[in-house]
Amino acid sequence: MKWKNWMKLYEEIERDFKFRREKEIESRNTLSKILGDKVLSIGDIGNLIGEEVYVVGFSPSLENEIELIPDRATIIAADDAAVILNDLGIKPTIVMSDLDGDIDSLIRIKSSVFGIHAHGDNIPLLPYAEFFPKKFGTTQIEPLENVYNFGGFTDGDRCVFLAAHFDAKIHILGFDFENPRIKEGKDMIRKRKKLRWAKYLIHYLEQSGAKIIWENLNSK
Ligand SMILES: Nc1ncnc2c1ncn2[C@@H]1O[C@H](COP(=O)(O)OP(=O)(O)OP(=O)(O)O)[C@@H](O)[C@H]1O
Ligand SMILES: Nc1nc2c(c(=O)[nH]1)N=C(CO)CN2
Ligand SMILES: [Mg+2]
């Protein structure tokens, strides 16, 4: 999605969560300085994605759905879903992360490209970006030369927006909008609210013509 179209959706999210635009700008600019010119180009990312991808979210039932991923699939994983895959010997092609997960385990996944997201509430985590050898930046506001905006809000729906930007056919698994899997220190009510947005955004993309295949129909 073009970032100007995304901004209409983002302004609703921003109002809903009372995010402050100044913090978003500070975060995006901080990430941009950390990344410098050590980022993949948008063309490189498109080549990695190709025509068909498997987007993998971090639902509680993820472990039971992994068998749905064929061998040699191109995989875009949402944050700690990548750790679960990697522990099983499955290498994600791209990982979308706001760096709020199991950083030590993520850093060990050397073969993946990391799409590192800057937002108003993860500024102290952004220096970890240095530890990922293959990466690019993302923002939810106006993009910069090295910090892109393909649309999307949570790590999971940002994976889907990324693939849809390149018009790929998108298989979705490891998503469950009703049963949050929450990491230590996170607030359940806020997580549920984020998952409601993730559901809305993915359905919005689907209704706009994105080629989406729900591998676990219960999750839809
Ligand atoms: N049931 C689920 N529980 C948790 N995440 C899910 C679920 N189903 C799908 N997902 C996707 O997996 C992603 C996992 O990423 P992560 O746990 O880092 O969350 P996040 O986007 O950083 O939000 P938060 O600030 O709540 O941690 C989520 O962004 C979400 O889109
Ligand atoms: N400002 C702000 N932006 C976000 C936040 C958050 O907690 N705060 N969480 C997200 C989930 O990946 C995505 N974007
Ligand atoms: Mg995250």
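Two strands count as paired if DSSP finds at least two bridges between them. Strands (E, at least two residues) and helices (H or I, at least four) are DSSP runs, numbered from the N terminus. This is a predicted model, in which local features need pLDDT of at least 70 and side-chain atom pairs count only at pLDDT 80 or more, while totals for chains, interfaces and linings use all residues. Residues are numbered from 1 along each chain as its sequence is written, and chains are lettered from A and ligands numbered from 1 in the order in which they are written.

**Whole chain**

Show the cartoon first. The chain has 8 helices and 8 strands. Its C-alpha atoms fill a box of roughly 40 × 35 × 35 Å along the principal axes. The radius of gyration, taken over C-alpha atoms, is compared with a globule rule of 2.2 Å times the number of residues to the power 0.38. For 220 residues a compact globule would have a value near 17 Å, and the chain's 16 Å agrees with that.

Two residues are in contact if their C-beta atoms, placed from the backbone, lie within 7 Å. Of the contacts with a separation of 6 or more, 58% are between residues 24 or more positions apart.

In what order do the 8 strands of the open sheet lie? The order is 6-5-4-3-2-1-7-8, with parallel pairing. Strand 6 (147–148) and strand 8 (211–214) are at the edges; each has a single partner strand, so one side of each lacks a neighbour in the sheet.

Pick G137 here: its bridge partner in strand 6 is V147.

Now move to strand 1 (52–56). A residue is buried if 20 or more other C-beta atoms lie within 10 Å of its own, exposed if 12 or fewer, and partly exposed in between, with C-beta atoms placed from the backbone. By that count, 4 of the 5 residues of strand 1 are buried. Strand 1 is joined to strand 2 (75–78) by 3 bridges, and the two run parallel; the partner of V56 in strand 2 is A77. Strand 1 also pairs with strand 7 in the parallel sense over 5 bridges, and Y54 is opposite H171 there.

**The core**

A nonpolar core is a set of buried Ala, Val, Leu, Ile, Met, Phe, Trp, Tyr and Cys residues joined through C-beta atoms within 7 Å. The largest one has 57 residues, of which V55, V56, I76, V160 and A163 touch the most other members. Helix 7 supplies the largest share of this core, 6 residues. Select V55 and its contacts beyond four places in sequence: I76, C159, V160, A163, I170, H171 and I172. Across the chain, 42% of the 220 residues are buried.

**The ligands**

For each shell, a residue is near a molecule if its C-beta atom, placed from the backbone, lies within 6 Å of it. Ligand 1 has 25 residues around it, with G57, F58, D79, T154 and G156 coming nearest. Helix 7 (155–165) and helix 8 (188–207) each supply at least two residues of this shell, and helix 8 gives the most, with 4.

Colour by class next: Ala, Val, Leu, Ile, Met, Phe, Trp, Tyr, Cys and Pro are nonpolar, Asp, Glu, Lys and Arg charged, and the others, Gly among them, polar. The shell of ligand 1 has 7 nonpolar, 6 polar and 12 charged residues.

Around ligand 2, select F19, D98, H119, G120, D121, Q140, F153, T154, D155 and K194. They divide into 2 nonpolar, 4 polar and 4 charged residues.

**Single residues**

Most residues other than glycine have a negative phi. Go to L99, in the loop between strand 3 (94–97) and helix 6 (103–107); its phi is positive, near 65°. L99 counts as buried, with 22 C-beta neighbours inside 10 Å. D167 lies in the loop between helix 7 and strand 7 (169–173) and has a positive phi of about 60°. D167 is partly exposed, with 13 other C-beta atoms within 10 Å.

End at N86 in helix 5 (81–87). N86 is buried, with 20 other C-beta atoms within 10 Å. Leaving out residues up to four places away in sequence, N86 touches K91 and I109.
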